[in-house]
Amino acid sequence: MIDITPVILSFRLALLCTIILTIIGVPISYWLTSSQSLLKYFFRSAVLLPLILPPSVLGFYFLLLWSPLSPVGQMLDKVFHIRLVFSFEGLVIASVIAGLPFMINPLMAGFESLSLSLKEASNTLGKSDFETLIRVLLPSIRPSLLIGIIMTFVHTFGEFGLVLMLGGKIPGKTLTSSIALYDHVEALEFSQAHIYAAVITFSAFLSLVLLFILNKKTRSGR
Amino acid sequence: MISINVSKKLLTSEGPITFSVHLEINKREFISFFGPSGAGKTTTLRMLAGLTKPDTGSIIVNGQVWFDSEKKINIPVQKRNIGFVFQDYALFPTMTVRQNLEYAAGKNSMSIGAIMETMALNTFANTYPADLSGGQCQRVALARALVRSPQILLLDEPLSALDWQLRCTLQNEIIKLHNQFNLTSVIVTHDITEIFKMTDKVAVFGNGTVLRQGTPDLVFGNRLSTRFRVIGKIVAFKTSEVASVMTVQVGDSLTQIVVDTEEAAHYKAGDEVIVAAKAFKPILLPLAKNQKL
């Protein structure tokens with residue numbers, strides 16, 4: 001049989017990233033849709049950049065930035081005593097940044113589809129912008145939030161280029177299932193490779209099925 | 001008493017203009033804002049609500065300063081104690097009718113049960129807005145705007161999307177609510193019937209300002225006349241030696257008018273004409289539902 005550790009690691013990585021992205025993605029995308037500031041166009045492009053950039057390029061820059069030879073890496077090492085290169089924490093941070101567009105895009109589309117009068121009506125009823133966001137706007141875009149969560153999860157679960165560049169294949173720390181798959185193929189161990197590939201395919205498919213079921217549920221619930 | 005004295009740069013189809021408005025609204029008055037699209041009616045309503053910020057000027061409500069550009073005062077919309085009814089109703093889609101009203105509840109709010117009773121909403125308590133008709137949505141929007149016992153009710157073309165009969169019913173209901181809750185109300189409308197039926201005062205907007213204001217009778221006095229006039233179209237013509245008989249279509253109905261041959265020579269079939277009657281006492285008859293003449 002195969003070693004199950006890489007699968008669990010992928011799952012942990014994907015789950016953590018999805019939780020972090022849900023928490024930071026909602027305020028960011030709300031700000032990007034509602035702000036009048038010209039700065040938002042800059043941030044909008046920055047957030048979408050990981051979508052068009054090859055993950056290996058992104059991983060390469062993180063590797064340079066966090067390396068103990070770079071000023072940033074040295075500062076992290078001296079001040080916080082952390083080294084992000086070849087570590088699970090580094091993978092989480094890099095995957096959060098790489099996963100931003102998968103969360104932000106559907107959320108922004110959701111917020112943009114809402115009539116401005118919903119927010120204004122809530123304001124005239126004495127409610128703050130924050131309460132309006134949590135109690136009125138976010139529930140109204142539940143399908144978009146769901147798409148964001150599942151897309152982020154599936155994408156992070158199977159990420160390859162970024163993890164390969166930045167992780168260094170340390171078992172239990174940075175050796176995720178897609179890296180394990182690659183290693184087995186390289187070693188011509190096709191039976192093990194088959195199992196990893198099947199696990200990734202199956203979990204991706206299951207996530208999509210879950211997405212459609214939940215989406216239907218939220219729709220029939222209203 | 002509400003005193004609005006503000007100006008703001010507006011973008012219109014004819015380029016940017018500086019819109020400035022001076023208005024006084026008495027306590028418990030029902031005033032309508034009338035005028036062409038883009039004349040600043042809704043903007044004024046939104047400035048009063050605190051949804052749009054004026055560039056300069058002041059808004060004072062019952063001695064309390066809500067906005068003053070010089071003193072840099074701008075009371076946020078949440079603290080203005082107004083009820084606002086939006087043109088698109090703005091009901092919260094993920095909440096039932098009852099939840100929509102409960103969401104609005106604050107410390108001064110009236111009982112949700114009582115307001116649902118008043119607005120006849122009990123049947124729909126657990127219905128979601130998507131399953132309501134236009135008229136029902138409007139009722140919920142009205143009820144929700146009133147939950148927090150506002151002093152001022154602001155209505156932005158609330159009835160424009162509804163059919164004629166529903167409009168009449170809701171007009172009556174709004175008048176009732178205005179009186180029952182001692183409200184000062186403002187309605188933005190394009191409908192002259194609504195102005196005469198509902199409001200004590202009308203402000204006519206145009207050319208970037210308020211052109212006229214006063215009672216509807218006074219403001220529209222030149223349009224009111226005891227003379228009866230309608231516009232019709234000549235559809236048929238029959239001429240004899242002494243007189244001509246014209247068949248004129250007015251609305252859905254056809255009327256025959258006898259004119260002398262000399263006068264008839266000025267007209268031909270297809271012409272549009274004004275049919276007027278002098279010294280004329282119109283008779284009013286109730287129109288049964290779906291009845292045609």
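Here is a friendly conversation about a predicted model with chains A and B.

Biologist: How are residues and chains labelled, and what pLDDT do local features need?
Modeller: Residues are numbered from 1 along each chain as its sequence is written, and chains are lettered from A and ligands numbered from 1 in the order in which they are written. As this is a predicted model, totals for chains, interfaces and linings use all residues, side-chain atom pairs count only at pLDDT 80 or more, and local features need pLDDT of at least 70.

Biologist: Which kind of element runs along chain A, and how many are there?
Modeller: Helices (H or I, at least four residues) and strands (E, at least two) are DSSP runs, numbered from the N terminus. Chain A has zero strands, and its elements read α-α-α-α-α-α-α-α-α-α-α from the N terminus on. The count of helices is 11.

Biologist: How many residues does each chain bring to the contact between them?
Modeller: Residues are in contact if their C-beta atoms, placed from the backbone, lie within 7 Å. On the side of chain B that touches chain A, β7 (82-85) and α2 (97-104) of chain B each give two or more residues. The contact takes 18 residues from chain B and 16 residues from chain A.

Biologist: Which strands stand at the edges of the five-stranded sheet in chain B?
Modeller: Strands pair if DSSP finds at least two bridges between them. The five strands form an open, antiparallel sheet in the order β2-β1-β4-β5-β6 of chain B. Two of them have a single partner strand each, so one side of each is left without a neighbour in the sheet: β2 (15-25) and β6 (73-74) of chain B.

Biologist: In the six-stranded sheet of chain B, what is the bridge partner of Leu155(B) in β9(B)?
Modeller: This open sheet has the order β7-β8-β9-β3-β10-β11 of chain B, with mixed pairing. Within it, β8 (residues 152-156) and β9 (residues 184-188) of chain B run parallel and are joined by five bridges. The partner of Leu155(B) is Ile187(B).

Biologist: Are α2(B) and α4(B) roughly parallel or roughly antiparallel?
Modeller: Axes are lines fitted to C-alpha atoms, for helices over the stretch in contact, and angles run from 0 to 180 degrees between N-to-C directions. Here the axes come within 8 Å and cross at roughly 25 degrees. Angles under 35 degrees count as roughly parallel, over 145 as roughly antiparallel, 65 to 115 as roughly perpendicular and the rest as oblique. The two helices are therefore roughly parallel.

Biologist: Which residues of α4(B) meet α2(B)?
Modeller: From α2(B), the residues taking part are Val97(B), Asn100(B), Leu101(B) and Ala104(B). On the α4(B) side they meet Val140(B), Ala143(B) and Arg144(B).

Biologist: At roughly what angle do α4(B) and α5(B) cross?
Modeller: Helix α4 (residues 134-146) and helix α5 (residues 164-180) of chain B have axes that come within 11 Å. Residues in their contact include Leu142(B) of α4(B) and Leu170(B) of α5(B). The crossing angle is roughly 10 degrees.

How values were computed
Contact = placed C-beta atoms within 7 Å.
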